[in-house]
Each structure stands twice: as C-alpha cells, then as structure tokens.
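Subject: Structure handover

Hello,

Here is the structure you asked to have handed over. My notes on what was found in it follow below.

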Amino acid sequence: MQDFRTIAVPEPSEVLTISYYHELAKAVADLRHPDGRRMSRRDVPFWMADQLFSDVSFVRKDGSAFEVTDTAIDDAFNDDGSFRWLSDLVAFAENPPRQTPQARLAPRLILLSLAFWVAYPEIAAGFGRKQCLNMPQCGHWAWRYFERCEECPHDKIAA
C-alpha cells in the first residue's frame with residue numbers, strides 16, 4: 001500500500017510576498033544531500049523533481065487539481081539549465097529583499113514551495129508567517145517593509 005498525500009497549492013499572492021520569499025530563500029540555502037553536503041543550485045531542480053513526482057497530489061484552493069507536468073520545472077525556470085536564479089534566491093536568505101518578488105517568479109516559487117511541502121512540511125508551514133521589518137536587527141520581518149504587523153512584539157515592549 002502506497003502512502004498518498006494531497007497538498008494544497010499556495011496562491012501566487014501568498015508566494016509573492018517579501019516574507020514568503022525570504023523564508024523560502026532560507027530553506028533553499030539550508031538544503032542538504034543525505035550525506036550532509038549542501039545542495040548546489042544545479043542539484044535543487046533534481047531534488048524538486050524527486051519531491052514533485054512522488055506519491056502526492058496537489059489541489060488548488062478551489063478544489064481543482066494542480067498538475068505538475070514533466071516540463072514544469074524547466075518551464076518555470078525558462079529552460080535556463082544553469083539555474084542561476086537559485087543563487088540569486090539564496091542571496092536573500094541572509095537579508096530579505098526590499099521589494100516584493102516579480103509576478104513572473106510565481107511558478108518557480110510555487111513549485112519550490114510544493115517540493116518543501118512534500119519533503120519538509122514542518123519547514124514549509126513557516127513560509128507564510130506574518131512578521132514585521134520594523135526591527136531588522138532582531139530578525140522580526142514584515143509583509144510591507146516599513147509597517148509593523150499586528151503581532152509585532154516591539155509594540156508590546158514599547159507599551
């Protein structure tokens with residue numbers, strides 16, 4: 001008997017936020033092979049394929065099926081076999097971007113996110129955390145760069 005799971009696909013509006021992008025960048029930067037070596041940018045697409053084509057199905061929020069085609073990863077990365085964009089993404093693991101990701105990146109971010117939902121759901125669950133950028137020295141990040149989120153601990157300290 002096979003273990004078959006169903007995973008909800010994040011919406012583009014979810015993945016195209018500074019916070020989501022930053023958390024995904026940290027996760028990709030920390031990806032490792034089973035022997036502990038860091039994964040290179042060229043290894044990540046193979047890892048993604050292993051996850052996306054395992055015993056799992058994906059559904060959109062409206063309940064419709066989300067099919068991952070044989071060429072989905074190549075299509076999302078515009079057939080760039082060097083996958084240089086992954087190096088750019090990993091650069092944001094240390095410091096989050098100052099602006100939201102461009103809409104054209106949504107397919108890449110969704111596929112990366114789904115791969116993490118398959119392999120490491122406990123990590124993927126943290127991608128959508130709402131945090132603020134008000135106090136970057138303490139690492140508390142936000143949806144919008146200069147605004148506090150509702151749960152900002154700095155508001156409680158000041159009060």
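What is the accessible surface of the protein chain, and what percentage of it belongs to carbon and sulfur atoms? The surface comes to about 9,400 Å², and 51% of it belongs to carbon and sulfur atoms. Areas of this kind come from the Shrake-Rupley method with a 1.4 Å probe, and for residues only the protein chains shown count as cover.

Before the rest, two remarks on the basis. This is a predicted model, in which local features need pLDDT of at least 70 and side-chain atom pairs count only at pLDDT 80 or more, while totals for chains, interfaces and linings use all residues. Residues are numbered from 1 along each chain as its sequence is written, and side-chain values use heavy atoms, with hydrogens and water left out.

Overall layout

The protein chain has eight helices and three strands. Here helices (H or I, at least four residues) and strands (E, at least two) are DSSP runs, numbered from the N terminus. Read from that end, the order is β-α-α-α-β-β-α-α-α-α-α. The chain has 159 residues, of which 42% count as buried; buried means under 20% relative accessible area, exposed over 50%, and partly exposed in between, with a 1.4 Å probe and protein chains only. Among contacts (heavy atoms within 4.5 Å) with a separation of 6 or more, 65% are between residues 24 or more positions apart.

Helices α2 and α6

Helix α2 covers residues 18-29. Its twelve residues should span 16 Å at 1.5 Å a residue, and its end C-alpha atoms are 16 Å apart, which agrees. The expected span is 1.5 Å times one less than the number of residues. Eleven of the twelve residues are buried, so α2 is largely enclosed by the rest of the structure. The buried set includes Y20, Y21, H22 and E23. Among the elements that cover these buried residues are α1 (12-15), α3, α5, α6 and α7 (121-124).

Helix α6 (residues 106-119) has 14 residues and reaches 20 Å between its first and last C-alpha, close to the 20 Å expected. It is mostly covered too, with eleven of its 14 residues buried. R108, S113 and F116 are among the buried residues of α6.

Helix α5

Which residues of helix α5 (residues 84-91) are buried? They are W85, L86 and L89. These residues cover an arc of only 100° around the axis, which puts them on the same side of α5; the arc is that of the directions from the helix axis to the C-beta atoms. An α-helix has 3.6 residues a turn, so residues three or four places apart point the same way. R84 and A91, on the other side of α5, are exposed. The cover over the buried residues of α5 includes α2, α3 (44-52) and α6. At W85, the charged end of R108 sits over the ring, 5.2 Å from its centre. A charge sits over a ring if NZ of Lys or CZ of Arg is within 6 Å of the ring centre and within 35 degrees of the ring normal.

Aromatic rings

A search of the whole structure finds nine aromatic pairs. Rings of Phe, Tyr and Trp (its six-membered ring) pair if their centres lie within 6.5 Å; planes under 30 degrees apart count as stacked, over 60 as edge-to-face and the rest as tilted. F116 and Y120 have ring centres 6.2 Å apart and planes at 40°, so this pair is tilted. F116 is buried at 1% relative accessibility, whereas Y120 is partly exposed at 28%. Ring pairs link Y20, W47, F116, Y120 and F127 into a cluster.

Q51 lies in helix α3 and is buried, with a relative accessible area of 15%. Not counting residues up to four places away in sequence, Q51 touches V56, A115, V118 and A119.

F53 is in the loop between α3 and β2 (56-59) and is partly exposed at 41% relative accessibility. Leaving out residues up to four places away, F53 touches V68, T69 and D70.

F4 sits in the segment before β1 (5-8) and is exposed, with a relative accessible area of 52%. Neighbours within four places aside, F4 is in contact with D55, V56 and S57. F4 and S57 are 53 residues apart along the chain, and their C-alpha atoms are separated by 7.6 Å.

Regards
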